[in-house]
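Here are a few notes to read with the model open beside you. Go through them point by point, and find each residue as you reach its name.

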Amino acid sequence: MLKEKLKKYKLILASGSPRRQQFFKDLDLDFEIRLKVIEEIFPPELKAEEITNYLAELKASAFEGELQPNEILITSDTIVWHNNCPLGKPKDHQDAFEILKSLSNATHEVITSVCFKTNSSSNLIYETTKVTINTLSD
């Protein structure tokens, strides 16, 4: 049904994420992947979904003036929000250990924003999921 509704559009996924690509494949949607290198830096005063909203829109803005009338660009960003700050990707094994230790026996949020952009408009949505991790041993 979704595929039928989108048949007159060309979907462009601006993501190298294998999980996001698989999601589109699982929905049986035809799509093209277009990637742009974006420095994912956000203003330090942003919090929670403000960060993912900003980054999803930043990624979409890289395609400004390039979209055809029948194209829908989809960009996205996800963060883990814990103790009032974003957790980045671990730098190494020790950093991964410390991150997991901080999440042990605690609840954090996973926040994802998605931007849908055409040559004439842009729409942004986000979702927050609370995740609780049981106590992890070292």
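**Notes on the model**

1. Let's start with F24: its relative accessible area is 8%, so F24 is buried, given that buried means under 20%. Keep in mind that you're looking at a predicted model.

2. Stay with the aromatics for a moment. The structure has two aromatic pairs. In one of them, F23 and F24 have ring centres 6.1 Å apart and ring planes at 75°, so that pair is edge-to-face; the label applies because planes over 60 degrees apart count that way. Zoom out a bit and you'll see that F23, F24 and F31 make up one aromatic cluster.

3. K36 sits over the face of F63, and the distance to the ring centre is 5.1 Å.

4. You'll find K117 in strand β5, which covers residues 106–117.

5. So what does K117 touch, leaving aside residues up to four places away in sequence? The contacts are A60, E64, L67, E71, I72, L73 and S122.

6. Now for some backbone. Most residues other than glycine have a negative phi. Look for N84 in the loop between β3 (71–82) and β4 (85–87). N84 has a relative accessible area of 54%, so it counts as exposed.

7. N105 is another one to check. N105 isn't a glycine, yet its phi is positive, at about 55°. N105 belongs to the loop between α4 (93–103) and β5. With a relative accessible area of 58%, N105 is exposed; the cut-off here is over 50%.

8. Last up, the cysteines. How many disulfides does a search of the whole structure find? The count is zero. Compare how C85 and C115 are placed: C85 is partly exposed, because its relative accessible area is 33%, whereas C115 is buried, with a relative accessibility of 1%.

Conventions:
Residues numbered from 1 in each chain as written. Predicted model: local features only at pLDDT ≥ 70, side-chain atom pairs only at ≥ 80, totals over all residues. Heavy atoms only, no water. Helix = DSSP H or I, 4+ residues; strand = E, 2+ residues; numbered from the N terminus. Contact = heavy atoms within 4.5 Å. Buried < 20%, exposed > 50% of the residue type's maximum accessible area, 1.4 Å probe, protein only. Disulfide = S-S within 2.5 Å. Phe/Tyr/Trp six-rings, centres within 6.5 Å; stacked < 30°, edge-to-face > 60°. Lys NZ or Arg CZ within 6 Å of the ring centre and 35° of its normal.
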